[in-house]
Structure formats: structure tokens, C-alpha cells
Amino acid sequence: METVLTVLLVRFALIAAVAMALALVVLAVVLVLHRRGKGDQARRVARTAAEFAQRRIGR
């Protein structure tokens, strides 16, 4: 039983680490676009991604 819990904990940690890395990459891209004066473009990209995610989830 202890081994199963360890495997589940490691799996959760890996998923959380990948999600955090992805969030940091997205944040870095948005910050770079904002610093280069392309804040509107960053907003459009974020809006498009959010709309896609909503459709994908089914809301």
C-alpha cells in the first residue's frame, strides 16, 4: 500500500511541476511581449487561448 501511495505522490508531483513550468513559460512570453510594446498582441493571444480552453472543456 505504501508503494502505491508513493507512486501516486510522485505522479502528482510530476504533473504539478509540468503545469508550473508551462505557466512560467506563458508568463515569460507575455512579459516579453509587454516589454516590447506588444501588450495588445499578448492580450489577443491570451484571449484566444482562453476561448479555446473554454471550448475544449465544453463550457
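Hi everyone, let me start with a definition: an angle under 35 degrees counts as roughly parallel, over 145 as roughly antiparallel, 65 to 115 as roughly perpendicular, and the rest as oblique. We'll need that in a moment.

What you see above is a predicted model, where local features need pLDDT of at least 70, side-chain atom pairs count only at pLDDT 80 or more, and totals for chains, interfaces and linings use all residues. Residues are numbered from 1 along each chain as its sequence is written, and side-chain values use heavy atoms, with hydrogens and water left out.

So, what is in the chain? Its secondary structure is two helices and zero strands; helices here are DSSP runs of H or I with at least four residues, strands are E runs of at least two, and both are numbered from the N terminus. The radius of gyration is 17 Å, well over the 10 Å that the globule rule gives for 59 residues, so the chain is more spread out than a compact globule. That radius is taken over C-alpha atoms, and the rule is 2.2 Å times the number of residues to the power 0.38. The C-alpha trace spans about 55 × 30 × 5 Å along its principal axes.

Now the helix pair. Helix H1 covers residues 2-35, helix H2 covers residues 39-57, and they pack at an angle of about 150 degrees with axes 7 Å apart. H1 and H2 are therefore roughly antiparallel to each other. Which residues make the contact? From H1 they are Val 30, Leu 33 and His 34, and from H2 Gly 39, Gln 41 and Ala 42, where contact means heavy atoms within 4.5 Å.

Buried residues make up 5% of the 59 in the chain, with buried meaning under 20% relative accessible area, exposed over 50%, and partly exposed in between (1.4 Å probe, protein chains only). Thr 3 sits in helix H1 and counts as exposed at 59% relative accessibility. Ala 46 belongs to helix H2 and, at 43%, is partly exposed.

Technical notes:
Axes fitted to C-alpha atoms, helices over the stretch in contact; angles between N-to-C directions.
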